[in-house]
Amino acid sequence: MTVVSGVRPVRTDVPWDQARRVAYRAAAPLPIADLPFSGAYGGRLAEPLHALIPLPRDDVAAMDGYAVAGRPPWRVVGQVLAGGLPHGGTLRSGTAVEIGTGAPVPIGAEAVLPYEAATGVDGVVIGEVEPGRHIRRRGEDCARGEPVLAAGTLVTPVVLGLAAALGHDLLGVRPRPVAEVLVTGDEVVPRGVPGPGRVRDAVGPMLPGLIAWAGGEHLPPVYLPDGETVLARALADGTGDVVIVCGASSRGPADHLRDVLAAFGATVLIDGVAVRPGHPQLLARLPDERLLIGLPGNPFAALAAALTLLAPVLRALAGRPEAMGESAALAVPIRSHPADTRLVAVRRSARGAVPTGHDRPGSLRGPALADALAVLPPGWDGGPVELLALPVEPGPSQ
Ligand SMILES: Nc1nc2c(c(=O)[nH]1)N[C@H]1C(S)=C(S)[C@@H](COP(=O)(O)OP(=O)(O)OC[C@H]3O[C@@H](n4cnc5c(N)ncnc54)[C@H](O)[C@@H]3O)O[C@H]1N2
Ligand code: MOO
């Protein structure tokens, strides 16, 4: 690294809360698309979900037993199983068909007599039934064309089950934004125990869960050695809606991100945020409109940057509202920074947010014990603080 003694670059760091807002506003919601269930899961319905069929589709038996017509005794004249042939013709008074749960009841059947309530001998059954008992009528759950869920509903596993029951194969949702992850650094190894001078990638493994939590999808991380050409090629070949570059964000000789962005003609929207850890983070718009987020290599700094810039961008692309912070008291005093926001790993408790310690930009030990980051504005000297929730459970946040 070339160090010019006495020369310090002028810092242009954006205040932390402003950076979050700029990131959210930099992205417009992705256009609505009809997606298969796997892609729609976790999205929001763009339009009301209508029943393509009445539910149930037919008058069906709700119990295994006998569909009966008229008064007992009933002569058993056939058998109808779910998925089998329906009974041809009208069931005459004094007759019954043996029927399976879910099978269409014959025309003329007035009730279903469950096996448990039936006594039978020589093809004749008797028992007590009330008219209409154990028959689910066509459309009693919903009529054909009825809107059953409103636009904006979160597509949960249960919603997918209902959509399938109603005959849908595709759902109109805002797609989840796809994030491409480029992990840079000659010293970074993707697996195993690092040797001397090497460091195991701790950022790539954090990102899939963080991306899903913010409403996105990730492509498998791509590992790149340091170097302008490889980074430029990876950006040019890239797909997805967002590119995340881990490392290369600072100003050392191997930190090529800014040069590559300049050569690309990218518009840098944020170059440095007044936050600790995580100040060398970056947000840029590539000429093809993809947004690029530069995360610092230090893992806690990368986490802080992911929550500051990446999460708002993904939320905006997914058409989700800006995340609402919660406010909490700190259980113990913490020193703020005079010029920068501090993000401090804490665990919520009845006596307030308790710092988890191990507070170093290169270490995830403190954040791994935490369930939130406390936001201490510059010069903060007491009072409640905002808590940024950390993803602690699988799946998207609300
Ligand atoms: N002269 C300056 N030097 C540094 C500044 C600065 O403002 N001026 N900022 C410091 C801060 S703060 C951070 S954070 C780092 C950010 O550096 P980079 O984003 O360029 O990342 P690297 O230099 O490649 O790596 C920094 C550090 O993190 C380790 N690393 C990198 N990638 C990973 C990974 N995927 N998993 C785990 N650890 C990783 C790397 O080995 C280094 O130890 O710059 C400071 N310097
Ligand atoms: O982003 Mo750096 O962590 O502030 O160490």
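Mentor: We can start with the ligand and then turn to a pair of strands. This is a predicted model, where local features need pLDDT of at least 70, side-chain atom pairs count only at pLDDT 80 or more, and totals for chains, interfaces and linings use all residues. Residues are numbered from 1 along each chain as its sequence is written, chains are lettered from A and ligands numbered from 1 in the order in which they are written, and side-chain values use heavy atoms, with hydrogens and water left out.

Trainee: OK, how many residues surround ligand 1, and which are the closest?
Mentor: Ligand 1 is surrounded by 21 residues, the closest being Glu187, Asp201, Ser249, Ser250 and Gly297, where a residue counts if one of its heavy atoms lies within 4 Å.

Trainee: And which backbone atom lies 2.9 Å from a nitrogen atom of the ligand?
Mentor: That is a backbone N or O atom of Ala202, a polar contact in the sense of a pair of N or O atoms within 3.5 Å. A backbone N or O atom of Asn298 lies 3.3 Å from an oxygen atom of ligand 1. Taken alone, ligand 1 exposes 860 Å², and the protein buries 69% of that, with areas from the Shrake-Rupley method and a 1.4 Å probe.

Trainee: Switching topic, what does strand 8 pair with?
Mentor: Strand 8 (residues 111–114) pairs with strand 5 (residues 65–68) in the antiparallel sense over four bridges, where pairing needs at least two DSSP bridges and a strand is a DSSP run (E) of at least two residues, numbered from the N terminus. Gly65 stands opposite Pro114 in strand 8.

Trainee: Are the faces of strand 8 covered or uncovered?
Mentor: Both are covered, with Ala111 and Leu113 buried on one side and Val112 and Pro114 buried on the other; buried means under 20% relative accessible area (1.4 Å probe, protein chains only).

Terms used: Buried < 20%, exposed > 50% of the residue type's maximum accessible area, 1.4 Å probe, protein only. Polar contact = N/O pair within 3.5 Å; in protein donor to acceptor, adjacent residues only side chain to side chain.
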